[in-house]
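Have the model open alongside as you read.

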Number of protein chains: 2
Amino acid sequence: MPYFDAASSAPLHPVARQALQASLDEGWADPARLYREGRRAGLLLDAAREAAAEAVGCRPDELVFTPSGTHAVHAGMSGALAGRRRVGLGVTVSAVEHSSVLHAATAHEAATGGTVTEVPVDRYGAVVPETYAGALYEDTALACLQSANHEVGTEQPVAEVAEVCRSRGVPLLVDAAQSLGWGPVEGAWSLLAASAHKWGGPAGVGLLAVRKGVRFAPRGPADERESGRAPGFQNIPAIVAAAASLRAVRAEAAAEAVRLRALVERIRARVPELVSDVEVVGHPQRRLPHLVTFSCLYVDGEALLHELDRADFSVSSGSSCTSSTLTPSHVLRAMGVLSEGNVRVSLPAGTPEAEVDRFLEVLPGVVSGVRERLGAPAGADEAGGAGGAGVLDAAGTGPSLVVDALGRRCPVPVIELAKVFGGVPVGGTVTVLSDDEAARLDIPAWCEMRGQEYVGERPADHGVAYVVRRVS
Amino acid sequence: MPYFDAASSAPLHPVARQALQASLDEGWADPARLYREGRRAGLLLDAAREAAAEAVGCRPDELVFTPSGTHAVHAGMSGALAGRRRVGLGVTVSAVEHSSVLHAATAHEAATGGTVTEVPVDRYGAVVPETYAGALYEDTALACLQSANHEVGTEQPVAEVAEVCRSRGVPLLVDAAQSLGWGPVEGAWSLLAASAHKWGGPAGVGLLAVRKGVRFAPRGPADERESGRAPGFQNIPAIVAAAASLRAVRAEAAAEAVRLRALVERIRARVPELVSDVEVVGHPQRRLPHLVTFSCLYVDGEALLHELDRADFSVSSGSSCTSSTLTPSHVLRAMGVLSEGNVRVSLPAGTPEAEVDRFLEVLPGVVSGVRERLGAPAGADEAGGAGGAGVLDAAGTGPSLVVDALGRRCPVPVIELAKVFGGVPVGGTVTVLSDDEAARLDIPAWCEMRGQEYVGERPADHGVAYVVRRVS
């Protein structure tokens, strides 16, 4: 059964399972106690810390174990911000960070009145080091940057940004959740956070590394464990399993990366050939080896996931209809790419080639099925029209059609636009009225894909009016 | 190998191990995802929540899983305090709460300027409901009380205090870490926190129950999981194991409580017979079935633990020499009982009778060995003396001896006091100069045990002068 959502959570690596089971008998006692059972637990914890620190590329006394990657991010950001409070309250993040980083930044802003600066990304989802440098101010206490994006797989220029931060005296926290299994994070980072279940370790273990010399003041109630940086009784069997599996996946990483990269390359190349109106997103070269994301025009992401699940493929999506807030993924939004019919494929280590081939067989039928049910325009429907009647638009610059898509959810507003678009002559405009958040992203993305001009948006009585001009 | 420190962490229950292993294959995916693996994980999580809620005695939607008991306490307190911020910033706790509660109260005080009121306890370590009622004020936002004390086993009058709180409109958070395996917490509590590894579940799982209608505003960065009350990816295999083992230990609790209570009763009765100058602490009846604590005069707690460990017994201690801060346990201090030579025995379920008997065989020799090495006075040394010379004390009220124990750690100041005490006549005093924190607790406790008068303390050039009057 093909599970293609390793970026959410990877199945447990066999080494993690073995290490977990082996340490259940030795790792249940309090490692702070001086008796036999405590000493044994403490030895396991020490050994795991050494192994994990080696894989991270830091000293064992720079590394603590947290209950999750989210806890590592939260504790790392709050501790670093509190440690540099005298410098200021500013925090700089990329616009495509994981929600744990963005929410911690928002919480910091709410609690302290500090400011959050979001660094924009290019169309591939990467920050530009020079742009990042421009977002560091006198009062910037902390900068955050992921090693690679969790939704589109694009690698960030961490080493360059770390150098920029170093020269400005700002500590850089790297969220390495998606990449640590593939290799250490290069560059002069100050703090690093990661999550074991992303590399095939067990749930319940995060890593937080804080380089010596980085000012750090743990927040929250005092607790002696984990150098005062991660409260709560340590989960030693899971920590042992996390460290052992990190070692194991690293030993396999180079070969597996080559193999999966070829499979992902096949998906990147074949999907646009097999399915019409698809945008493959993320950087074509500088990306994680196992992850590829694409969006399908005129497709409902939730229906697509449901149909792929019926065909036994488990994938995820950044489409608005698959989120609890009905907004498209903030990553796709920051990149300015199509969000409708979005599919993220992230292959776990060991994914057989045959599963990828079967996915490529199944996908075209699934997409066309969803499109059919939605009444999406086929290629021919869109192309033509001799130019319908139209009415003069407000500025009187040409014929204009208005499409009322109020109350309709993604991808309907874009489908309605496409259906009528052939009916206006070149030079004319179509105005789409929509109250769906996805339209703000997907109407401009449609224009980009179709080579038409996106004029802009303006508030309407209900929702927003999006204006598109036919240029060909 | 007798492990007698279940109150720190219990060995993994066989049912926990089975449930953990069985759910490793089904519980690794993200339960928020809609595909097959996510739905399976979600079903496991739902079932575990129902089972745990039933054992707690709350609705499933009132219960969330946290990464530890400490996290449950921290999140419960901060959420309840924030939810009642308009009422005030006061928090009332018993003086013998677990450090996670006391540290969260201190952190609240530091962050908000709120006040912490500590309710004193009686000599058994229990609060008196009327006293607790007197510590609730107009601005009390939250009250906290443990179900039973972790160091001396005394059960608190939770139902009565809950009723007092209810009538005053103050929510009560119960830290049930030590008792939940033995049974549900009775009474109209508002919030409840517990920890799975205390009942034989795995590490990495805490429970936080918040009754419907309790004002609660989660603190920290937003996170959708666990009703927004516990951030981070859920550790579902451990959660399943926690719920299954809670059910299992509850099924065995009634019978095992009777059996262990008899073994504990044997320790309570026999230790004072076998070892001279011992104080058994905690309530003789209203206590946890498996836990007993006693203190041995003229004994170094660390040496005692070390010797017991050499004899294969793993116990813990509230003596100052076993703490990183060199202060006696705050619980013993609040009770006003002897802290030197303190031993906590907490029997895991299934402890064989023979292990307890062997402990009783071994203990006397271990204690006398430690006493001998410390040069502690034997019964005869203390008794007598025709009344030494002495000098007039400052007030000129009688002969006085001064013992300089500056720089000496527990139990030396008390040993030095005992050595010279026979040298002053009835009516005379001994003044002990000490800079050891334990002396403040242990010199009065010695007076209580010996039926002598503790006059008081006053600052001295270095440290503190403790004055004792011989009355018999």
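Two strands count as paired if DSSP finds at least two bridges between them. Keep in mind that this is a predicted model.

Q: What makes strand β12 of chain A and β13(A) a pair, and in which sense do they run?
A: The cut-off is at least two bridges. Strand β12 (residues 399-404) of chain A and β13(A) have five bridges, so they pass, and the pairing is parallel.

Q: Why is β13(A) called largely enclosed?
A: A residue is buried if 20 or more other C-beta atoms lie within 10 Å of its own. Six of the six residues of β13 (residues 429-434) of chain A are buried, so the rest of the structure largely encloses this strand.

Q: How do you know which faces of β13(A) are covered?
A: In a regular strand, side chains alternate between the two faces of the sheet. T429(A), T431(A) and L433(A) sit on one side, V430(A), V432(A) and S434(A) on the other, and all are buried, which covers both faces of β13(A).

Q: What makes helix α12 of chain A largely enclosed?
A: Burial again: eight of the 10 residues of α12 (residues 412-421) of chain A are buried, so the rest of the structure largely encloses this helix. The buried ones are V412(A), P413(A), V414(A), I415(A), E416(A), L417(A), A418(A) and F421(A).

Q: Why are β8 and β10 of chain A called edge strands?
A: The open sheet has three strands in the order β8-β9-β10 (chain A), with antiparallel pairing. β8 (278-281) and β10 (342-346) of chain A each pair on one side only, and that makes them the edges. From one strand to the next, the twist averages 20 degrees.

Q: What makes β9 of chain A and β10(A) partners?
A: Two bridges would do. Strand β9 (residues 291-296) of chain A has five to β10(A), running antiparallel, so they're a pair.

Terms used. Residues numbered from 1 in each chain as written. Chains lettered and ligands numbered in written order. Predicted model: local features only at pLDDT ≥ 70, side-chain atom pairs only at ≥ 80, totals over all residues. Helix = DSSP H or I, 4+ residues; strand = E, 2+ residues; numbered from the N terminus. Axes fitted to C-alpha atoms, helices over the stretch in contact; angles between N-to-C directions. Buried ≥ 20, exposed ≤ 12 C-beta atoms within 10 Å, placed from the backbone.
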